[in-house]
Amino acid sequence: MQKNKKNLYNISYTILLGTFVPIAVYWIYSGIYVMLGDLNQYRLHTKAEEDKKNVVSKRTVVKGVLIQQAFQIAVSLLLFTFMSGDSGVVLPQPSLPVIILQFIVAMVVMDTWQYFMHRFMHINKFLYKHIHSKHHTLVVPYAFGALYNHPLEGLILDTIGGALSFLISGMTPRTAIFFFSFATIKTVDDHCGLWLPGNLLHVFFNNNSAYHDIHHQLYGTKYNFSQPFFITWDKILGTHMPFSLEKRKEGGFEARPIKKIN
């Protein structure tokens, strides 16, 4: 009896961590970017561009992200509870090679789901106008606006995509804490609007803040749909827009498309 109570406590604790840790990571990591200040010498857009092109206030963005995360909490609690089962048995952690394989599978599943759902929301005029355009009101992205979406988009792209990654990879709720925290960091970084020297995510992933910045521009909405890890689907399906990173006279960088815009 005592052992079952301990197992139930451990399961509940893991479920809570798996639900709330990625959310805490989102605000902590994006908060670090806020505390770093403007960093004009590393910005992909000037502060003046941000103020002019973005049509929503940062207060509105914070409220929008919190609403999406409320949906995320509800679905995550249901999913983790279901996966933990009714037996009160804590799922054992597999070996490190298996965990690495599960990470890779989860990354591929998430990338695949998000590419096709994201692209469909651009192709379908109704979905773009009423749902996905909300995210594109941030023409100049910044870190804590990474998850500023319509709640339905957040449910389809992020929550369902995350659930599929979790289920298909077969990872445990404990492993999922680390995977979803990493995916959160990657998403925030892709929207940070900065090109920082020594950023390891830029070293290991071609899908980065400059790559995604192309997509956020008015000329780039037909390109660079891939998110958050690889650029594979863009390359396979002809939506890849390579770019050059040029220094601006007034400081910072500008990501410029290399191919002709159709």
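Colleague: Why is lysine 53 called partly exposed?

Modeller: Lysine 53 has a relative accessible area of 34%, and partly exposed is the class between buried, under 20%, and exposed, over 50% (1.4 Å probe, protein chains only). So lysine 53 falls in the middle class. Bear in mind that this is a predicted model, where local features need pLDDT of at least 70, side-chain atom pairs count only at pLDDT 80 or more, and totals for chains, interfaces and linings use all residues. Residues are numbered from 1 along each chain as its sequence is written, and side-chain values use heavy atoms, leaving out hydrogens and water.

Colleague: What makes glutamate 49 and lysine 53 a salt bridge?

Modeller: Their closest N and O atoms are 3.1 Å apart, and the rule asks for a side-chain nitrogen of Lys or Arg within 4 Å of a carboxyl oxygen of Asp or Glu, so the pair qualifies. The two residues sit four apart in helix H2 (residues 47-53), which means about one helical turn separates them. Glutamate 49, at 23%, is partly exposed too.

Colleague: How do you know that arginine 248 and glutamate 250 form a salt bridge?

Modeller: Their closest N and O atoms lie 3.9 Å apart, so the pair still meets the cut-off. Arginine 248 is buried at 13%, whereas glutamate 250 is exposed at 57%.

Colleague: Which residues does the salt-bridge network link?

Modeller: Arg43, Glu50 and Lys58. Within it, lysine 58 meets glutamate 50 at 3.1 Å, N to O. Lysine 58 is partly exposed at 36%, while glutamate 50, at 6%, is buried.

Colleague: Why is helix H9 said to be largely enclosed?

Modeller: Eight of the eight residues of H9 (residues 209-216) are buried, so the rest of the structure largely encloses this helix. Those residues pack (contact being heavy atoms within 4.5 Å) against partners including H4, helix H7 (173-190) and strand S1 (243-247).

Colleague: What makes asparagine 208 a cap for H9?

Modeller: A side-chain oxygen of asparagine 208 lies 3.2 Å from the backbone nitrogen of alanine 210, at the N-terminal end of H9.

Colleague: And why does asparagine 207 count as buried?

Modeller: Its relative accessibility is 1%, so asparagine 207 belongs in the buried class. Asparagine 207 lies in the loop between H8 and H9, and its side chain reaches the backbone oxygen of phenylalanine 230 at 3.0 Å. Among its contacts beyond four places in sequence are Lys186, Asp190 and Pro228.

Definitions and conventions: Polar contact = N/O pair within 3.5 Å; in protein donor to acceptor, adjacent residues only side chain to side chain.
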